[in-house]
Structures are given as structure tokens and as C-alpha cells.
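Hello,

Here is the structure I promised to pass on to you.

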Amino acid sequence: MTVHASDDQHRPGYGAGRNALLTAAVPHGHGLVVHHFGTRDILLEQALCWAVDHSIETVSLIPASGRLEDFAAFLADFVAGCPDLQAVPYELKAEASRRPEPRPHVDMLHDAYRRAVREALACFRGDEGMTETVFAALEGLIFQQVTSGDIRCTREGTAALRQLLAARRAQPPSVIYGSTLFRRTDQTAPAPRTPGTAMTRLIGPQGARPEQHGASRGLGRDSLTAGRASAVLDDRMRIIGWSAQAEALFGYTPSEVLGRCADEVLADTVTAARLSPDPGDSGAPDGSTPYGIRSVRHRDGASVPVAVALDPLTHGVGGAAWLVVAMDVRLLRQRAIDRAMLDGLHRQSPIQLVVYDTDSRVRWINKAIEKQFGVTLEEVAGRYVHDILPEGVLLTEDGGTLKDVERPIRQVLRTGEPVIDIRYRSATRLDPDHDHVWSLSYFLLQDESGHAVGVCEAGLDITDRYVTRQRLALLSRAGGSIGRTLDIQGTAEDLARLVVPDFADTVTVDLLEPVLNGQEPPTAGHGTGPPPALCRMAQHVRDAASDATGTAADALNDVRLRCLSDAAPVTDPVTRALAVPLTARGAVLGAAVFQRAAPRDPFDTEETALAGELVSRTAVCVDNARRYAREHATALTLQRDLLPRGLARPAGVEVAHRYLPTAGPSGVGGDWYDVIPLSGARVGLVVGDVAGHGLGAAATMGRLRTTVSALAALDLPPDELLARLDDLVARPNAPQLTDTGDDVEDQALGVTCLYAIYDPVSRTCVLARAGHPQPVLVMPDRHAETVEVPAGPPLGLGGLPFESVALELPEGSTLALFTNGLVESRARDIDLGVRALCDTLSHLGAGPLEDTCAAVVGELLPRPPEDDAALLLVRVHALPEHLVATWDIPADPGEVARARMLACRQLAEWDVPDEAAFVVELVVSELVTNAIRYGGAPVQLRLIRERGLIVEVSDSGHTSPHLRRAATEDEGGRGLFLVAQLTERWGTRYTPTGKTIWTETPLTPPELPKLLADDALSL
């Protein structure tokens, strides 16, 4: 395939003709021979690029004569700039013979057309479809030459081509004039080809190389001529040119109108007005002829309303004289509306519009952009947005920022889908100290062939709306971030973290000292006394440059004090500070001071109201924390006062204990424990857990502990004590009403409790529990396991009896009693916790009990517990046998003397002082006498020396003796009275076989009562 170029670039016909032939050669992969090209000839670029994209076999480049040396260097630089062209098999040849001098213009055109037709027929012989395409292109080329003045050449060329195409006039192809691509209307024609990668690289994203004189990609002839019919008239108003658009509008073919007078075809059918111009009409102000509306008869007889304009042409003698342009009136009106709309978008629209090319560079902006940003199109054309506004960022949905502001443009170019409502923030040239926010949307711009030519951006300044939404978002975040804990300082820190840096650059939160101590703050009002004492709870600074608290400390203190005095917000324009009081329930708790650094504006009225809302929420949370701290301290004090300050240390046991109140916001709970000395050297062990927290739980715990101590003093066995306690808890009491009138359930309901009695004489332990965890027993060999105690229901629920279990404890074994707060948490099941307790006790062994207790708590509760936790460790020992003496006494009054003798002998062996021995002898005589007289066999006497002297007399009777004061004339009733006066304690306990009367006498008894000093009452 040979294509000729011309050095005469001003001749408009050659470009389209060469493009037509070059396009026709592409589908067949022919070699190309390019003649007579110049260094600025676009044909060279097209030929090389198409050779790459369509695998052309060979490309021969033959420049004009005498230019071989110049073009060798030019081609080397040209190919080096485009790496894809380095693989093109081109060769540079010198022309074999000198190019003849150009003939006259008419002949040269005639020869060029004839040569082109001949070469096309030779290359595409047998392919009528392709031949028709080439001829149609050449036919369009001819019509482009009507302004050259060569009418004869045009007519001859037209006639010749029409004879060649006569066989295929049924469906003439559709041609895009001025483009390198041609489309056929039949479906069998090859699909149009798009420029390849090399072409795209050479032409560029805008399709504008300097050699192309501003030609734009996607702007073909249809963009200029669509809907606009044109005709050319000679100086005698005869039609000498007729475009395809004119044929489509009026229905006449060129052969039917060429040579006819224009008034025969284009006259007004209504007014019969001729097309001839009015000699006095000067046209429009800009020198052009305005459109005139007329009705022109269509070839089929219908009337066509059109707008017609007649423009004179500069011409030589005998050349074209007039250019007629016609358009359908409806299309004209639509285009007028379109132009008005586009002009409005450009000049008057409040929406900012920007057009980007496919490289994301700015190509066009409207007046709204110029007004708001203070830039002109000349300043921004060809530049990236990030170069124009370096500080601009995209705002993400999660509150972050993105510096890649061209990302939405690339996304639209990649996907073709619009991108809606992208938030962009930046300062502008006209307002460099304040950020503005825009809502941007992007959509794709395409040419007539569907190729992307750029992206349009539509933007709207939403700064005010964005600021409002940010304030609402700040309030929303405040609801979830302020006051998450009942900690005063933590609440102040929550406020400081929330407002910096979105709302302020610096913030300080100060509270009055009484608030920190849980005391009631002073009533809000105008104070006249000394400045209140403040404590700094929180201080946050955006950066060192924003920290003005040191340089303006005096001014800030003055603002803060005025705020506290007036109990109202105070602003200071000089320091850009805003002080807001923390007021809750009519009392001022402190003040929060917000401050901004330049160039940020001082706080306005709306921002003052926003700060007041934030501080008000903080104040309520601080007051709640203050009240909680006071109640927590009160409950903790109450509970510690109700718990034993020091446990009893009875013989036969070692005791260690720990109590850990909950660290959560629920407050102090109701866990308790106790060690109760009982008769006969026995010891009662109790541990319990009240459901709930706070003052109510602490008070309930105190009630139950007192009740258990009272019942234990009756020497009740564990199962019976729990039964009595359950009855007391379940007893219906008078309804307790709250301030709202609602009934309050007794917190004692559902209390768990474990009670055990250990007898060091027999080493027997009897246990019973009411819904409480089972105790853990650690044997002397370090083996630890839970004690199987029959489960009973929690107190107050009733329904089932309580059962007890008795077991003999080895010497030195340890019993662990605890509440569930020690072994149970959200992260650990109670069974796993009990297992961990057993493992810990086994590992610790038989070390000091206090150390063991501390180690267990540290192991199981490394952090503050979620619930109250109590632990009671008891290491048991047996009472030595030589300190216990037991005798069976026959039920005979004569045995009373023997009982006194046995007791005196044993007291002598124990080296008991005479005063104590005298009291014990008297007690033994009285109790044995009563047992023989009022009880029944068997009668047993037991003496125990444990710190003091214990006397126990047991019989089979179930009648409890009663203490009474005998009258002067009474013969009896004084014995038990004497026992009560002489001993420290005395009492009765029941056993399965009867009862036991016991007394406790110190080794150094007090001075005998005065009534015993009387000789009349001496024994």
C-alpha cells in the first residue's frame, strides 16, 4: 500500500484522503510506502503507530528529494521518544527520481484523485465493500474542496466516482468526515477500530500535539456538522455544493439540486420569500448573518420549518460566492436551550464545576470556582489539584483524611461509574485561615464514539452544614465516651480527650476540693469570699504551639474565677478562651476552660452552647461519681465496722482472714465471716454472702452476723442454727416502701451461709450450708479437696430442711471457707476457681497461715475483684489429753462428795490457785447435785483447762434450769444463782442424749460478791 504525503500542508483535501487509504489498509496488514512526508507531517505519526498496533509488515519512508540526511536524524529522535516504535520494521529510502514540478492546481487535484482511485482498486480488487468505503471517503474529500475555487475538478471527480459506485448505491456507507475511522451502516462491515496504545501515547490524553493545531480527540466532523445542513452557491445563487446533511433535511440528492437556483429549492412556502440577501441588511452585530425562520418544502411535499443563514464567501472570479447553513427549527431551539444552560453553568451556577482530562489534570472551571477559590482558568489549566491546593484532603467516613485527592477521578475513569458525595476539605486563596468543606460528585465525559475524554466534577460548599453535623457528631460521641466509669478524674479526662483537637486546641478541667472528697459542693451563686480551692483533674493540649496556658495563665485564671463566681459561661476574645462551669443539681462543681490558638476563630454563640451541653453532661457524671464515692466510702466504713475488727483466738485453732470489697461501680457487697467461741472449748466458724451491693447489702450483712452470733450462743447445732436463721429471714415483715411507694424486697432473701462447729477435744467438725460453696480441706500431707456438705437452699427460700455432716479432722489440717467472689468471675467458672484454690493451697503447704492467706488472694485475685471476696482459713489442733478430765458419776446423792474430791484432786494436779479451786468446787457440788436430783442417769462430769477452767455436767434430762432470785424465807433456788455469780459464763446446751450445763471460770476469779462474804452463806 502506497500513500503519498504533501509538503503543502495548507491544502485541506490531502489529510482526509490519506487517512481514508491508511484506514482501508489496516484490516489487510499490507505494507506501507509513505512518500513525500515532512517533519511536521501527521501522516508519519499515524503510519508508524498503526504499524505497531496492527502488525503492518513493512513501512518504507521516502521523504522529499534532498532531505534524506535531515530526516535520518529526525526519525532517530522520533523513534527514540516512543519505545513501542523501536520494533517497527521501517526503512528510510531516497526517492528514485526527482519529483516533477507541480502542475496547475486543477490538474494536480485531478491526477491525485485518479491516482488514489487507481491504487485503491489495485489494492482492494474483489472487495467491493472496502472499495466503496474508499470511494465514499474520496467523495467526501471532493466536497471539502469546494472552497478551493476549482469547480470543474470537483464536478468531474464527483461524476467519476458516482459512476464507479453506481452498482452499490442502495446502502451508501456512513462516513465520519475529518476522522481516521469510517463506519458502515450495514452490519457485515468491519467494526471501527480505536487508536492503539502507541497512538494514544503520541496523541496524548487530550489528543493535542502542537503539530495538530488544537485538534481534540473525540471531536470529529459530526461534532461540527451534526444537524446542520450546508450548501454552497455561486455568485449567481446557483447551488454548486450540497452536503449530506442537506440531503437528509430536505430530501434532495446532490444530482437533483446541483446547478439549480437556490430559490427554487429553499424559498419560503408561506411568504414566498426568496433566499437572496437584502442589500441593506448588515447582519448581526458581530458581522454574521442571523438566522431567519422559514418553511421550506421537502422533496416529498411536506413543509419543513427551518432556520436559514446566508454568509458571503471571499472568492475569486467565478468561484463560490455564498454559504447557506440550515437547521431544523426544533433542533435550533433545543441547541439554544443547551447553550443557555451551558452558559448558565459556566457563568451563573452556584455549583462549582471542574473538568479533568484523562490524566486528572484540570482543563476547565466555571465562574463559581473562580469566585470561591480566587483562581482563573489560565492559572489552573493543565495542573493537578494537589498542586493548586496543597493542603486539600479528602475526608473519609471513619473521620480520617486522604491526601490522594485525584483518587475519585481515577476511579471514575477506571469503572465508568459516577462517584457521589465525596467530602473535600481545604483552605482557599481568598480565605487562607479557614478550612472549607465541599461535597463533590464525579461522572465520566465521553465523546461521540464512547471514548472517555475526561471527568466532570460538581461541587457544593457545605461548610456550614458540615460544621453543624460535626457538632452533632461531637454530642453523639459525648454520650458514649463521657462518664463511662464512676471515676471523677476519668470523667474529666473523657471530656478533655473528646474536645481536642476538633473543638479546641487546649482544655483544662478543674474541680473544687470538696467535690473530690465526696462532700456537697457549695451552692451556685455570686461569691464574695476568697477564691475557691481548685484541683486540676485533666489538661489536654493539641501541640506545643497551641499551649497558651503558661503565657496567659493570669488571664485564664481570671476567666475561670469569673465563671465560677457567676456560674455562667465567660469568653475572653484576647486569649480566645471559653470558661464553662460544671453545674449539677444547682451546685457548681468546677470549671472547664477551652482555648483556641490563632488562626482559629474565637468561640461563637453556637459553640458556647455546644460547650455548655458537653460540660453539663460532664458535670452530671462527675456529680454521680462524687455521690457514688461518698456512698461507697460510707458503705465500706459500715461494713468494716460491722465485720469483726479482730477475730477471737480460741484454743485448738489458728485463724487467718481476708476481705476484698468489689472494685466495680456496683459498690460494697455483703460478704462476711466470723469466728465464735462456744462452750466446751468449741469454736463456731461462719461465712456468708448477701446478694447485692451498697448500703443495703452492708446493713443486711450486719443484721445476719448479729443474728448468727446470737443463735450460736444458744449452742445450736449447725443445721438447727441455719433452720432458725431461715425462719427469721423468711418471716413476713412490715412492708418497706421507697420514696415512690414501691415495696422493697428484703435483701436478706437469697443469702448464702455456711456454719461449722469444731470441737478441739474430739477433733470433730460439724458443718451445714445454705446455698454456699463447699469448703476446702487441706490435709497435713498437702492434699486439698472440697468437703462434701449436703446442699441446702439459700436463706429465706424454704422448702427443704438443712442437713449437717460431721467429720474428724486430722491434727494440723486446714479448713478454707470462702465466698464465690474469690473463685468466680466473668472470665472463670466457679468450678475452675475452686480447682485453682485447691491447687494453690496444696502448693503452699503448712507454712504460716497469714502468709498462706495472702498468697491465695494474690494468686486467685491478681486484679481488683468484680464481686466482694472473703476468705477464712482455720488450721485445727487437738486439745492435749492431760488438760481434759472426765468422770461418770452414779445417780446417787452420796456421790456428790466424791465428785468434789475428784475435782479438787485434778485442780491440784493443774496447780490451780486456791481462789479458783474454791469456785470450781462450789460449782461442781451445785451442778452435780442438780443433775442427780432433777436430771437422770447417766451423769458425767468433765473438767477442761483451756485458758480458764471449764466445768461441764451432763445428764439425760431435757429440762433446762432457770436462774431465779430466791426470797429470804425460801429454802432452795440459790444454787444456780450462786453459780452465775461466781463464774464468768454459764449456759446449757442440748445433746442427742440429754443436756449439758457448763460454766467458765477464770484462773484468777474476781473478788467474791459481797453477799458471799457473809458467814451465813458460807458453805
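This is a predicted model: local features need pLDDT of at least 70, side-chain atom pairs count only at pLDDT 80 or more; totals for chains, interfaces and linings use all residues.

The chain has 1019 residues, and 46% of them count as buried. Its secondary structure comes to 28 helices and 38 strands. Among contacts between residues at least 6 apart in sequence, 63% join residues at least 24 apart.

Nine of the twelve are buried, including Ile488, Leu495 and Val499. At the start of α18, a side-chain oxygen of Asp487 comes to within 2.6 Å of the backbone nitrogen of Gly490.

Asp494 also belongs to the buried set in α18, with a relative accessible area of 6%. Asp494 makes a salt bridge with Arg484, with 3.3 Å between the closest N and O atoms. Arg484 sits ten residues away, in the loop between α17 (463-481) and α18. In contrast to buried Asp494, Arg484 is exposed, at 57%.

The chain has 43 salt bridges by the rule used here. Another one pairs Glu256 with Arg299, at 2.7 Å between the closest N and O atoms. Glu256 is in helix α10 (residues 254-257) and Arg299 in the loop between β7 (292-297) and β8 (303-312), so this pair ties together parts 43 residues apart in sequence. Glu256 is partly exposed, at 26% relative accessible area.

Asp558 and Arg562 form a salt bridge too, at 3.3 Å from N to O. They are four residues apart in helix α20 (residues 553-566), which means about one helical turn separates them. Asp558 is partly exposed at 41%, and Arg562 is partly exposed at 35%. Elsewhere, salt bridges with shared partners join Arg471, Arg596, Asp604, Glu606 and Glu607 into one network.

Two more places to look at:

- Helix α22 (residues 695-713) should span 27 Å, and its end C-alpha atoms are 27 Å apart. Its buried residues include Met701, Leu704 and Arg705. Asp715, which follows α22, has a positive phi near 60°.
- Met341, Leu342 and Leu345 form a nonpolar surface patch with about 260 Å² of accessible area together. Met341 lies in helix α12 (residues 329-347) and is partly exposed, at 41%.

Best wishes

Terms used
Residues are numbered from 1 along each chain as its sequence is written. Side-chain values use heavy atoms; hydrogens and water are left out. Patches are made of residues with over 30% relative accessible area and no salt bridge: like charges are joined within 9 Å, nonpolar side chains (Val, Leu, Ile, Met, Phe, Trp, Tyr) within 5 Å. Accessible areas come from the Shrake-Rupley method with a 1.4 Å probe; for residues, only the protein chains shown count as cover. A salt bridge is a side-chain nitrogen of Lys or Arg within 4 Å of a carboxyl oxygen of Asp or Glu. Helices (H or I, at least four residues) and strands (E, at least two) are DSSP runs, numbered from the N terminus. Buried means under 20% relative accessible area, exposed over 50%, partly exposed in between (1.4 Å probe, protein chains only). A polar contact is a pair of N or O atoms within 3.5 Å; within protein, one must be able to donate a hydrogen and the other to accept it, and residues adjacent in sequence count only if both atoms are side-chain atoms. Contact means heavy atoms within 4.5 Å. The expected span of a helix is 1.5 Å times one less than its number of residues.
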